[in-house]
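User: I have a structure open and want to learn how to read it. Can we go through it feature by feature?

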Amino acid sequence: MNTITRNAIIALGITLLIVGTIVYTVHYINQQRLSEINTMQTQLSTDTLSLETQFALLENAPCQDISSDTVFSHGLSTLGDKLAFAEGRLGSRDQQVIELKKEYALLEIRDYLLIQKLSTTCHITPVTVLYFYSNTGDCSSCDRAGYALSYMRKTYPRIRVYSFDYHLDLGALKTLIEVKKIKPTLPAFVIQRKRFYGFTSLARLEKEFPKDLFATSTATSTGSQK
Amino acid sequence: MWGPNTITYVSFFIALYFESFLLVTFLSEPARKRRLTERNSNTAPSVAIIVPCFNEENTIASTTESLLKLEYPKENLSIILVDDGSTDNTANVMARYARHPRISIHTKENGGKHTALNAGIRIAKDADIIGCLDADSFVEPDALGFAITAFDRPEVMATTSAMSVHAPKNLIQHMQYAEYIFGITMRHILSSMNSLYVTPGPFSLYRMEVFKKIGYFSHGYQTEDMEMALRMQKAHMLIENSPRVRVYTKAPSTITALIKQRMRWTSGFLRNMLFEYRGLIGNPRYGVLGIGVLPLSIFSIITVAGLFLFSVFQIISNMIHMFIVSRGIPLSYILTPHTFDWFYFPITTLLLVGIVLMSMTIIFMIIGKQISRTPGKLTKSTASYILLYWIISPIWLVRAIADTITNTHHTWR
């Protein structure tokens, strides 16, 4: 074997070693990301369960023990942002991402139901938005709608947005879609129990929100959410 | 299957493989031996150094002075200044050396650099070795002594030097300084596999028999030095490199001038390869040059240009998408910076491969500086290179490809 051939083989070995190390590193980092999401989800799940339990224990009178900070924690939306980022990185067909999305959707539904209960009992007046999107190419204005909702959520802290992948194969989500009678015309919104389809502009979307939201909320330009 | 992403991954893999191969070759015996070469030649063949000039009034004196300081037996060294029909004060500056015993001056009508070189070769018909030095370049006093050592091996037909940028001042010149230092290592490694395909204008030396056997310089699509090297390779002549032969050249100081210079080099390379020396590409008879260096050079020019255009297209598409998505949203929200979170840091395979490639490039620069003992500091130049090269270089590649396809020719100056 001459020197050049030997060098070519050694170089191939070095290249494969470098590429292997890099691929492993990126995989490890992505797994760490999913692990962080999982941990956040577990923590939020525990918090939600704790609230549900408190609610059951105090029987319709938990209001003084539940601070509005807890109810309106940013945890859920931060988790949603991180999950969306992980989905962008690993792809919407990644099995781990799909499982995490299902857990997240479940968490959102539980939180939504709890908020509904609390708002009735404790006179907390959150503005809830159920937002149904799709990333399979059948929703041309979902990006715009999602961005507009992010803006509203950050600007008006009373708004609580629950985003759902319309096509996610999850029984609870299908039931929610059925109960709320959501048609597959996306994007779809349920704002304060009222259905609304399509997105044209932020101004048009704002019209669907209760007027007192803009009168009483303090617009913020900073926040902890992404 | 062969979308831009796949092409990017394949290109990065090939680039990584090539750099690894160069690094291994650098460490292997043939290259190591060459680095140990000292200025120990007992022979002093007669050397004629030709300086072709066209409107070089500002640099020709310094170039000539640097040649006069060469440490070489005076009786065996002659300097031939060829004025290729300059329209500035070059002739008058040259005239100052008219009475110098080792300098001969020849004036001719403008016909291009290759004609000036050929005129010089005809004058130097008795010389054993012909050296060429661009009129905007300067040699170290010990340069010729080191260069001649390469000719101790009878099979060596030409030798190239270690070029670097003379007194870099602005960022563009510093960027080129780093690039040239990188080039010193490249030439050193490639020469150990006889894979050089350019004998640059700044101080390359040839045995006289080269011109007798394969002819004089030709136009070579404005890259006569490349065409000569390719012709030599085609004739299976050995081209050596001497990293201790230091020569400094004036580098373009503006982006426009740099792009123009590099367009000439790149389109000259493409035209020579595609129209004159296609038979060398992929041909195992020409060793690593044929099966590796030339195909990879063409591949890299095309892919870098293609990926650059694709990136520009993607950036514009993303900007349009962002504009559409954020339409109607207050600017104060859009421009609010997000809180930094490592979670969102975009660590991707391509980013990490890019970092490895850049690190290897920097290692090659450090090596280049060490083996040539070129003066100057690398820090600022490396920073300029990292900052600017990836933005500017694709521009000349794209334009050179376009010129080659459309058969467009530009004047050199």
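User: Let's begin with strands. How many bridges join β5(B) to strand β8 of chain B, and do they run parallel or antiparallel?

Analyst: Keep in mind that this is a predicted model. Three bridges link β5(B) to β8 (residues 238-249) of chain B, and the two strands run antiparallel. Look at Val139(B) to see one such pair: its bridge partner in β8(B) is Val247(B).

User: What is the order of the strands in the sheet they belong to?

Analyst: The order is β3-β2-β1-β4-β7-β6-β8-β5 in chain B. That makes an open sheet of eight strands, with mixed pairing. On average, neighbouring strands are turned by 30 degrees against each other, direction ignored.

User: Which helix of chain B packs on this sheet, touching β6 and β8?

Analyst: Helix α7 (residues 171-191) of chain B does, and the β6 in question spans 156-165. The direction of α7(B) makes about 155 degrees with that of β6(B).

User: How do I read a nonpolar core?

Analyst: Start with the general idea. In soluble globular proteins, nonpolar side chains tend to be buried together. Here the largest nonpolar core has 101 residues. Ile50(B), Val51(B) and Ile130(B) touch the most other members. Helix α7(B) gives the largest share of this core, ten residues.

User: Which residues is Val51(B) in contact with, leaving aside neighbours within four places in sequence?

Analyst: Among them are Thr63(B), Ile79(B), Leu81(B), Leu133(B) and Ala135(B). Another core lies apart from the largest one. It has 40 residues, including Ile37(A), Tyr166(A) and Leu173(A).

User: Now chain A. How many helices and strands are there?

Analyst: Chain A has eight helices and four strands. From the N terminus on, the elements run α-α-α-α-β-α-β-α-β-β-α-α. Of its 226 residues, 28% are buried.

User: Into which domains is chain A divided?

Analyst: Domain 1 covers 1-124, and domain 2 covers 126-226. Between them, 17 residues of domain 1 are in contact with 19 residues of domain 2. On the domain 1 side, α3 (75-90) and α4 (95-122) of chain A each give two or more residues. The largest share, nine residues, comes from α4(A). By class, that side of domain 1 has seven nonpolar, six polar and four charged residues.

User: How many residues does each chain give to the contact between A and B?

Analyst: Chain B gives 30 residues and chain A gives 32. On the side of chain B, α1(B) gives the most, with seven residues. That side has 18 nonpolar, eleven polar and one charged residues.

User: What should I look for in the backbone angles?

Analyst: Most residues other than glycine have a negative phi, and most peptide bonds are trans. Here the bond from Leu186(A) to Pro187(A) is cis, with omega near 5 degrees. Pro187(A) is in the loop between α6 (171-179) and β3 (188-191) of chain A.

User: Where is Gln192(A) found, and what is its phi?

Analyst: Gln192(A) is in the loop between β3 and β4 (194-197) of chain A. Its phi is positive, about 50 degrees, although it is not a glycine.

User: Why does Gln192(A) count as exposed?

Analyst: Gln192(A) counts as exposed because it has 12 C-beta neighbours inside 10 Å, and the cut-off for exposed is 12 or fewer.

User: What about Asn407(B): buried or exposed?

Analyst: Exposed, because Asn407(B) has 8 C-beta neighbours inside 10 Å. Its phi is also positive, near 55 degrees. Asn407(B) sits in the segment after α14 (379-406) of chain B.

Notes. Residues are numbered from 1 along each chain as its sequence is written. Chains are lettered from A and ligands numbered from 1 in the order in which they are written. This is a predicted model: local features need pLDDT of at least 70, side-chain atom pairs count only at pLDDT 80 or more; totals for chains, interfaces and linings use all residues. Two residues are in contact if their C-beta atoms, placed from the backbone, lie within 7 Å. Ala, Val, Leu, Ile, Met, Phe, Trp, Tyr, Cys and Pro count as nonpolar, Asp, Glu, Lys and Arg as charged, and the others, Gly among them, as polar. Two strands pair if DSSP finds at least two bridges between them. Axes are lines fitted to C-alpha atoms, for helices over the stretch in contact, and angles run from 0 to 180 degrees between N-to-C directions. Domain bounds come from an automatic or database domain assignment. A nonpolar core is a set of buried Ala, Val, Leu, Ile, Met, Phe, Trp, Tyr and Cys residues joined through C-beta atoms within 7 Å. A residue is buried if 20 or more other C-beta atoms lie within 10 Å of its own, exposed if 12 or fewer, and partly exposed in between; C-beta atoms are placed from the backbone.
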